[in-house]
Amino acid sequence: MYSDNGTTFVGAARQLKELYDFINDERTQEPVRHFLCEQETSWQFIPPNAPHFGELWEAAVKSAKCHMSRIIGKAHLVFEELQTVLSEIEAILNSRPLTQLSTDPNDLMYLSPGHFLVGTALNGFPSHDLYDVNENRLTRWQRVEQIRQHFWRRWSAEYLHSLQQRSKWKTNKGVQLQPNQMVLIKQQGLAPLQWLLGRVEEVHPGSDGVARSAAVRTAKGLIVRPLFKLAILPVQE
């Protein structure tokens, strides 16, 4: 486990070490000791004042901060409104698909950070599209919802681009698009926390043997999309 040197992380590592020492004590019940000691967590810290060592997770933090500063920077929000906006942004970040839950071609479920928090994927209340509505026509709550929608459209598009950059499917650049892979599909107009996922059913390669489009099985049926509309969920990254 890798993280920066935040006091909360250092404290968590200390508590895990104390828990490990307690379970490893001979006075602890034998079945419990054997089960938990084998699952010892090793916590690795990056150097202080070196966030670039964090690579992917620090890149995600930077991306979120950039969009937040652009969207919230000039908004006049009271404390409760700002707290709500930050909570909504947290839910958006924790809703992102990380990887597939199984290799079953009919299973479209994915693992997200929300599964570690509440045990399932996060969801939100439906709302009217306020993306292009003038601010002076909105109530205070609608303004908060508009900020959420602005952040969702910008950040989710950037997240999909990052998956494509890291998971090119050309033969000489990484994993190639293959049947039964779970993919994220770029789709405009999706509500916050809603991701369009599917399983590749058939690949349509070009004359060079590289996939150019694919037939994808989604919850609503079979669709065909070009390569640049598909992002492979990482499996072993």
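Biologist: What separates W155 and Y159 in helix α6?
Modeller: This is a predicted model, where local features need pLDDT of at least 70, side-chain atom pairs count only at pLDDT 80 or more, and totals for chains, interfaces and linings use all residues. Residues are numbered from 1 along each chain as its sequence is written, and side-chain values use heavy atoms, with hydrogens and water left out. Helices (DSSP runs of H or I, at least four residues) and strands (E, at least two) are numbered from the N terminus. Because W155 and Y159 are four residues apart in helix α6, the gap between them is about one helical turn.

Biologist: Fine, rings next. How are the planes of F151 and W155 arranged, stacked or edge-to-face?
Modeller: Searching the whole structure turns up five aromatic pairs (Phe, Tyr or six-membered Trp rings with centres within 6.5 Å; planes under 30 degrees apart are stacked, over 60 edge-to-face, the rest tilted). For F151 and W155, the ring centres are 6.5 Å apart and the planes meet at 5°, so the pair is stacked.

Biologist: And where do F151 and W155 sit?
Modeller: They're four residues apart, about one turn of the helix. The element holding both F151 and W155 is helix α6 (residues 140-166).

Biologist: Is W155 buried or exposed?
Modeller: Buried means under 20% relative accessible area, exposed over 50%, and partly exposed in between (1.4 Å probe, protein chains only). F151 has 0% relative accessibility, so it falls in the buried class. W155 has 4% relative accessibility, and therefore it counts as buried.

Biologist: What is the angle between the planes of W155 and Y159?
Modeller: That aromatic pair is stacked, with W155 and Y159 lying 5.3 Å centre to centre. Both W155 and Y159 are buried. The angle between their planes is 10°.

Biologist: How far apart are the end C-alpha atoms of helix α3?
Modeller: Helix α3 runs over residues 56-72, which makes 17 residues. The expected span (1.5 Å times one less than the number of residues) is 24 Å for α3. The end C-alpha atoms agree with this, being apart by 24 Å.

Biologist: Which residues of α1 are buried?
Modeller: Helix α1 covers residues 7-23 and reaches 24 Å from its first C-alpha to its last. In α1 the buried residues are G11, A13 and I23.

Biologist: What phi does L193 have?
Modeller: L193 is in the loop between β5 and β6 (197-205). With a relative accessible area of 4%, L193 is buried. Although L193 is not a glycine, its phi is positive, about 70°.

Biologist: And what is the relative accessible area of N180?
Modeller: N180 belongs to the loop between α6 and β5 (182-185). Its phi is positive, about 75°, and N180 is not a glycine either. N180 is partly exposed, because its relative accessible area is 40%.
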